[in-house]
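I opened this one to see how the chains meet. These are my notes, in the order I looked things up.

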Amino acid sequence: MAAITTHHLVKEYPGGVRAVDGLDLTIDDGEFFALLGPSGCGKTTLLRTIAGLESATDGRLHIGDRDVTDLQPGQRQVAMVFQDYALFPHMSVADNIAYPLKIQKVDKGERLAKAEDVGAGLSLDGLMARRPGQLSGGQQQRVALARAVASNPQVFLFDEPLSNLDARLRLEARTFLKRLQRDLGVTTVFVTHDQAEALALADRMAIMRDGRIQQVGSPREVFARPANTFVAGFVGSTPMNLHPAVVEGGRVSLAGTSLSLPPDTAGAVTDGQKVIWGARPEYLSWSPSTPAPDDDAVEGEVTVAENLGASVLVTVNAQDTLIQVVVDEENEPDIGARGWVRARPGRTLLFDAESEELLGASPGVPTVSAGTAGESA
Amino acid sequence: MTVRQSLGFIGRYLFIAFVLAFFALPLLWLASAPFDRAPSLAVSWPEFTLANFRTLVDNPYALESLWNSVLLAAGTTAIVLVLAALASYALSRVRIPGRDALLYTLLLLSSVVTGTAAMVPTFLLISELGLIDRQLGVILVLAGGLLPTAIFILKDFMDSTPRSYEESARVYGASSLQILRHVVVPIARPGLATISVWAVVQVWGNFLVPFILLRSADKRPAAVTMFTFYTEGGQPDLALISTFSLLFSIPVVAMYLFVNRRYGFRFHGGIKR
Amino acid sequence: MTAPLQQTDAAPAGQPEQPRRRTAVDDGDAAGLGRGRAAAFVAPAMLLIAVFLIFPAIWTLYLGLTNWRLTGLAAAEPEFVGADNYLDALNDPAFRTSLMLTLAFVFFSAVVGQSILGFSLAWAFRRLRQGIRTVVETVVLMAWIIPASVIAFLWIALLARRDGTLNALLGTEGTAWLLEYPMQSIIIFNIWNGTAFSMLLFSSALAAVPPSQFETAKMSGAGTLATLRDVVFPNIRGHVLTNTLLITLWTFNVFAPYLITAGGPEGRTEILGIYIYRVALKEGALGEGAALSLIMILINLVVASVYLRLLRERKT
């Protein structure tokens, strides 16, 4: 078991592209940590650099108290599960699981017994003699996990572990993965481009863009208080409402309506400042009734309603500003109905219009010191 | 069926029958003469006998030359296989500047500098190296000519196998040679088999290179010895020629059938040339 | 490529406490080979290719400028004769005859014969029962893979004046095909020998034509010729080029007819490869042979570079 620490880690490719750009990050011992971001953001490169499959251009990397920056992958005591699982097609399931032990020169009987043991723990008993090609996607994934477990590593690295499974199986595997990690308690880093997966699995997560970390925090923090508009837009199954607004007289002016400032931004903005007003559709509500004078409500007309199952995503046109609201299925409004959008108290955010950073008491600039950004869950 | 369709049908089968006759006619001799009590040049229904194989065994050069062919094929194939596997693997996995240009140039050269066009300098080079009339010379010349294509085909093959296999083995601590042994070679086996068969077929039938580089009758491979059987000295011994031809042809035909079944491999220009 | 190197060089200054030993791990190097080991893996193959393929080709250029002979005075101390060999060759009627014979041989046996027969077979296969198709394919392939010295004798037997199968079949007892029609004979022989490649190539090409296009042609009432012109040919144009160039190159360098006619009678089948063999190795004029070789290599080079250019264009 070990924590992972990077100090100003840089990975630069020939041609000067920095896939990882001066990263400082601490992943705590036993933590389930997600690296989330769009493709090309450097998350996979970071994972591969931790594995040793890419060599760092600059900076240091520690696993536990060992400096592993210059070590070969095999000496780092890490195990990796690849996106395509990388199960050797010419070996049986048992031989695949036992492969790390074969390299460690454990004798045949012992390593097959261990493989049997680990395999049973991942409900692979009865499949040990098969070839990977004869297994379903879910079974292949469990074999890859078993191989990782069998190598008895200090760190697990998962590269998009669920992306090769079909949608239904993915949810099942997600629950399975979370339980496995909890049971083993091994520090685990996984890469995903699926924000829902990151929110569901991770104890903490880092959102990356262009080789830099945008925010580190627990899923709850990242969801509720994104550090900037990029994170706000990337995390969440329905995109956050982000609209230009102006601070006027200690209030925010949006779509012809004056709204009170979010509580923690009072000292952080000045009159006339251009800002971006942000609110998650889940944190907004819709009502046809006239608001009380001190209510923060924006008036508008329902233009589109999209069914989400138990709820409806309603798009409201408020003076040409389109605000999306998640409404309970019982309260679905008619198209063309007029009414008011209200925000749950304390759930609206303001971002600086220039820097697009969150204003007010916030996680701040997370790349400076990621370790302090969020407490371990 | 309309008249036009029937005509098309009949035309198609007439054409196929004609083509089949055209291709099978010369080959029939190979099937009939070896087993004929009195083999003649013409194809005829044999009076069955295995006695002709007796002449084969009695001929001092026949079996020896087949053995020489085996030596040449085995030697060349071993060199081509090992060197091409190593080179194509490294070229596939490590970025070397100008790699693709290099490969294309080599491929171009190997198709341009053929045995026929390069026989003069090849002959002189082998003479200068003192390898004339030695099988090693033939093996090296053939291997040099086959390598570029072998590397090219194998590299294509290696490129198409995912790197995550090797990366996975690396993460678990396998060394480069262990990776090669445990992962790359087993996974590349169909490609290696293809290359082996291709190389054996190339060498087995090659006439020109051993013809110009070997002098002694006891070193010649079957391709050259076969030629001497019907060009040197008087009346050709048809019993010997027919049985020898059959024995000489069977390995390549069998190999084709085997690879075809095992790997479902249609050569598409791969196996020969 | 320079940027990361500078980066690495600059790194120790920032981290004085630990000398940075950058392992040889390279970018995109999945197996962790490193440049050194990669070079070691590639080197033996390259050495063999350099010595036995590239060097002879370059040497040809020099040899062609000397009067080197297999035996005699000029064998020990060849003299530099400049472009004489090349001029002699180009002015030699024997060379020109040989070149013309080669062109005719390539044109009729490969470009016309193998291409058309190969395509017709592939086309006919589409509507043939699988069993018959397999039989025909196997027989055509046998003609391709059986060693040349065996098939040469099979043809000698087929065309023999006395007792030959062909004469027996046609009732033309006593016709010496190889003496009376030598060029025609080796052309037919080469078609027989090499059609398999075109057949295989065109079979896979036809299999790749989308069936919906055939069906569209059928529904608009197109006949066979219209289908070939409007559906098939536009789809397989690349394959036609590939096929033509490759079989041209191979047929140009063929030596197998030597096994049947040895260039005769009276040089009437002395295609270029056989001509070079006679001049250089039988008559011993190595310098002149080298000059001829170079001319042959240059012709090959033109065909091959056209082919490779097309190949690369299709890949990108």
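Predicted model: local features only at pLDDT ≥ 70, side-chain atom pairs only at ≥ 80, totals over all residues.

**Chain B against chain A**

I started with the contact between chains B and A, which takes 14 residues from chain B and 18 residues from chain A.

Next I asked which helices of chain B supply at least two residues each to the side that touches chain A. I found α7 (164-171) and α8 (176-187) of chain B. Of these, α7(B) gives the most, with six residues.

I also sorted that side of chain B by class. I got eight nonpolar, four polar and two charged residues.

**A stop at Pro162(B)**

I then picked out Pro162(B), which sits in the loop between α6 (135-159) and α7 of chain B. Leaving out residues up to four places away in sequence, Pro162(B) touches Asp84(A) and Ala86(A).

Why does Pro162(B) count as partly exposed? I looked at the neighbour count: Pro162(B) has 14 C-beta neighbours inside 10 Å. Buried would need 20 or more and exposed would need 12 or fewer, so a count in between gets the label partly exposed.

**Chain B against chain C**

On to the other contact of chain B that I looked up. Here 84 residues come from chain B and 84 residues from chain C. On the chain B side, helix α1 (residues 3-32) has the largest share, at 13 residues.

The class breakdown for this side of chain B came out as 60 nonpolar, 14 polar and ten charged residues.

**Chain B by itself**

I went back to the fold of chain B. I counted twelve helices and zero strands, so to speak an α-only run from the N terminus on: α-α-α-α-α-α-α-α-α-α-α-α. The C-alpha trace of chain B spans about 70 × 70 × 35 Å along its principal axes.

How much of chain B is buried? I get 49% of its 273 residues. For contacts in chain B with a separation of 6 or more, I find that 74% are between residues 24 or more positions apart.

**Chain C by itself**

My tally is 15 helices and zero strands. Chain C has 316 residues, and 42% of them count as buried. Among its contacts with a separation of 6 or more, residues 24 or more positions apart account for 67%.

Technical notes. Residues numbered from 1 in each chain as written. Chains lettered and ligands numbered in written order. Helix = DSSP H or I, 4+ residues; strand = E, 2+ residues; numbered from the N terminus. Contact = placed C-beta atoms within 7 Å. Nonpolar A, V, L, I, M, F, W, Y, C, P; charged D, E, K, R; others polar.
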